[in-house]
Amino acid sequence: MIEIHSPTARRGVEVATPLALLLGTYLLFAGHNNPGGGFAAGLVFGCVVALRSMTGLLKASGSFVLIAVGILIVTAVAFSPLLWGDVLLDMQIVETKLPILGKVKSGSAFVFDIGVTAIVVGLVVALLNGLGSTPRPRETDNS
Amino acid sequence: MILWIFALHGAAMVAAALLGRSSIRRGMAAAGVAPLVGAIWAISQLQGDNAPSTEEIVWVEQLELVLRFSTTPLALMMAALVSGIGVLVFVYGVGYFDDTAEGGARFSTTLLGFSASMLGLVLADSVWTLFIFWEFTSVTSFLLVGHKNTYPATQAAARRALMITGAGGLALLAGLLILADNVGSTSLSDLSPASGTRGTVAAVLIMVAAATKSAQFPFHVWLPGAMAAPTPVSAYLHSATMVKAGVFLVALAGPAFGDTVSWKVLGMAFGIASMMWGGFIALRHEDAKLILAWGTISQLGLIITVLSIGTGKAVFAGVSIILAHALFKAALFCVVGEIDVRTGTRNVSELGGLSRSMPIAFAVAVAASLSMAGAPPLLGFPAKEAAIEAVLGLEGLEQLIAGIGIFGGSVLTVAYTTRFLYLVFGPGPETTVAPVRWAMTIPSAILAMAGFAGYVFIGWVNDIVIPAATQVNPASDKYELIAWPGLKTAFVISMAIIAAGLALGWVIANRTQEAPDARGANVADRTLDNVLILADEVAGRVQHGSLPVYLVTMILTVTLAGTIFLGDLDTNGWVAWDSPFQAILSATIAIAAIGGVAVGSRLGAALTLGAVGVAMAGLFLTHGAPDLALTQLLVETIVVVGFVLGLGHLHRRFPPVEPTWRMIRLFVAIAGGLVVSGGLLAASARPVGQAPVEALQEGSVDPGGGNNVVNVILTDMRALDTLGEVVVLGAVTLGILALASTRSTASNR
């Protein structure tokens with residue numbers, strides 16, 4: 001893994017992390033009504049993982065698990081309606097009232113989005129691991 | 001009941017796999033239970049006038065994807081043969097193998113798997129069912145031929161068998177598809193005469209499929225090689241049952257193609273050529289198994305010929321010979337296997353005098369050979385008489401060709417049989433033999449006795465054969481097998497054939513000669529090798545691994561394909577911009593793109609590409625697509641991270657490019673850009689119908705429950721697409737990760 005040994009960059013990433021996580025979570029929840037969604041949220045989380053591992057704050061791993069869990073979640077959401085006799089991918093909407101937040105509406109589409117997020121983060125981790133591994137010897141690049 | 005019999009075969013396969021682990025003989029014994037029950041069932045069904053019953057498992061009803069089995073008379077006759085000979089072969093196998101033989105679980109399970117597949121093939125009532133079991137028999141045959149999988153010759157033989165019968169399977173699939181489409185039903189009991197060009201094409205395809213499976217000239221080259229298999233396999237698959245699948249197919253498709261000229265001509269050509277060539281080569285071989293294998297090719301040719309002639313009498317004769325041939329040829333193979341095991345050789349020139357040391361085998365061989373030669377009092381006699389009668393019933397050229405073919409083929413059959421018997425059992429230095437193995441002797445004796453019993457109880461055989469033949473051609477019900485016809489023309493011809501054959505066989509047997517080369521098999525192998533070499537070269541040239549060349553090829557293809565849209569370009573209705581921002585952003589994109597081409601450092605190029613992406617996100621925003629813009633921005637960010645990581649592996653600056661190559665790349669890039677832009681303009685100038693915006697918006701709120709149409713489409717309305725994409729993406733990534741990890745471990749070594 002290439003690490004950037006700059007204290008400024010490291011401190012900046014440390015400060016930005018909670019904000020980025022908040023943004024990603026917002027995008028994940030906002031997706032149904034506003035711009036955002038599971039894919040965008042996954043990319044934001046992916047950026048967090050990438051920046052933290054480049055500044056040496058995190059050792060990225062587990063892409064295999066993330067992708068597998070994501071695929072399991074989306075297929076589970078897709079096929080579970082069949083258990084109740086509904087059609088494939090029939091999305092359910094749940095509405096409840098919670099303290100502080102007030103009326104909250106969500107549904108199985110949200111769970112589906114979580115699966116998508118997991119896969120996207122997994123892909124980013126795979127990218128980091130694949131490209132960030134030990135560089136090949138320079139001689140192969142003839143210029 | 002049929003489905004239960006298949007379930008029993010499955011259970012017996014598990015038992016054979018478990019018991020065969022310790023000893024192949026136990027595995028064979030366990031496996032034999034399933035065909036025993038199958039044989040009892042099939043023979044009980046043959047008694048009395050049972051109407052055909054059908055059993056099915058429906059998978060996709062609309063596509064008629066069903067497993068359907070039916071107990072038609074022909075199917076039951078074949079099922080009785082498959083399971084009946086199956087039992088005997090499994091018992092025979094108990095004697096044939098030593099306890100030390102390896103791969104017992106594999107062998108007994110595969111052989112039983114073949115038995116079940118063959119049973120499914122003959123009982124199938126839907127074209128899909130037929131095709132699936134047809135392929136199962138090819139695959140199990142491949143595994144059984146290649147049982148001794150460490151010998152290169154065995155590997156080549158197994159591969160040859162699979163390639164030829166597999167290619168035939170493809171022809172069968174195509175033929176059945178056309179046929180089913182023509183008739184409008186996938187049921188094999190609904191076949192009606194096929195006509196027209198499509199009928200002809202289907203007839204040719206199905207006949208070719210039958211010829212590959214039944215080892216007809218010139219597709220016969222796999223059968224002699226298949227003799228590399230242990231003898232129980234040769235007796236079962238390559239004489240009595242699997243090679244009968246092609247013949248059975250010709251009978252089964254008779255109602256559809258009986259009147260098609262190409263069917264008849266092709267079938268007779270395959271049949272007569274195989275009959276003559278097979279008999280001719282069988283005269284020259286020294287290996288007893290190869291003599292029988294070439295004899296099988298010849299006999300199958302005879303059956304195909306009479307079935308293709310297609311008259312009531314000919315079909316009747318064909319079905320009768322199927323029955324007779326299965327009995328005598330399996331018996332002969334069993335005898336050869338016994339000789340092989342007890343003397344240690346199958347070479348007829350090394351053998352001799354076995355009539356004294358192996359009297360039972362001698363009796364079996366004589367009885368089976370007489371049946372094959374068509375001599376009384378054995379089942380082969382009335383069957384052969386029926387074939388000659390059928391030829392006598394023809395007219396003109398057809399009679400001449402079929403007559404010469406069958407006469408010549410039959411003389412050769414008698415001749416190679418005589419030579420075989422004379423050399424193995426006749427006078428000469430007696431070969432030393434090991435003690436008798438009853439598990440081998442008894443099944444072969446039963447097979448030979450069955451040929452005799454079939455002659456004595458000819459009425460019972462008639463009860464089986466007549467309905468089976470009538471199923472193929474309704475005109476067959478007028479005929480029956482006759483035990484003793486008296487001095488009729490056919491009888492005289494029959495005796496003339498035997499006399500000529502005896503004389504020829506006698507002459508040949510006393511001459512030493514060289515065994516023929518396996519020329520056809522070599523040609524087949526070389527063809528296959530050359531195809532593989534060619535494929536390797538083509539792949540090596542096309543997949544040379546240069547990323548720029550791949551990219552240029554792809555972009556050039558897209559450019560050429562896209563030029564057809566340029567004709568629809570229409571300058572009317574072009575708007576320069578909706579807002580001035582778009583102009584600014586577009587200019588930014590253009591400048592950044594040009595800069596990306598001009599810049600010499602890799603980091604610079606990455607940054608200009610980033611600028612293009614960000615400006616593109618801005619363009620999306622001005623068009624009112626915030627979701628797209630957001631995604632674009634985020635993807636750009638990730639890509640920048642990727643670049644930073646990737647550039648660490650590369651040199652800072654691009655390598656120099658040869659000027660000509662650079663010009664080509666430049667040209668392709670510019671042409672591609674122009675064509676894509678033009679195509680997009682042309683597409684927007686020609687809207688097809690009304691965009692379903694309103695319907696989507698309404699559907700998004702109810703039942704989708706969200707206001708962001710784009711995301712509701714992704715997660716609800718078209719969630720199936722998302723699911724598919726996500727799963728594919730994930731699977732591909734997991735695959736690449738696995739590949740990448742193997743590469744790094746390989747290079748670390």
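Reply: **Cavity and lining**

The second largest cavity has a volume of about 50 Å³ (the space filled by probe spheres set on the grid points, which are joined across faces, edges and corners). A cavity here is a set of points, on a 1 Å grid over the protein atoms alone, where a 1.4 Å probe fits but cannot get out, and lining residues have an atom within 4 Å of a point. The model is predicted, with pLDDT of at least 70 needed for local features and 80 or more for side-chain atom pairs, while totals for chains, interfaces and linings use all residues. Residues are numbered from 1 along each chain as written, chains are lettered from A and ligands numbered from 1 in written order, and side-chain values use heavy atoms, without hydrogens or water.

The lining consists of L130(B), L176(B), L179(B), L188(B), L191(B), I206(B), L249(B), L252(B) and A253(B). Helix 7 and helix 11 (244–252) of chain B each give two or more residues to this lining. By class, the lining has nine nonpolar residues, no polar and no charged ones (Leu, Ile and Ala count as nonpolar).

The axes of helix 6 (residues 127–145) and helix 7 (residues 152–183) of chain B come within 8 Å and cross at roughly 175 degrees. Helix 6 of chain B is therefore roughly antiparallel to helix 7 of chain B (an angle over 145 degrees). Their contact (heavy atoms within 4.5 Å) includes L130(B) of helix 6 and L176(B) of helix 7. The residues of this contact divide into 16 nonpolar, four polar and two charged.

Conventions
Axes are lines fitted to C-alpha atoms, for helices over the stretch in contact, and angles run from 0 to 180 degrees between N-to-C directions. Helices (H or I, at least four residues) and strands (E, at least two) are DSSP runs, numbered from the N terminus. Angles under 35 degrees count as roughly parallel, over 145 as roughly antiparallel, 65 to 115 as roughly perpendicular and the rest as oblique. On a 1 Å grid over the protein atoms alone, a cavity is a set of points where a 1.4 Å probe fits but cannot get out, and a pocket is an open set with protein on both sides within 12 Å along at least five of seven lines; lining residues have an atom within 4 Å of a point.
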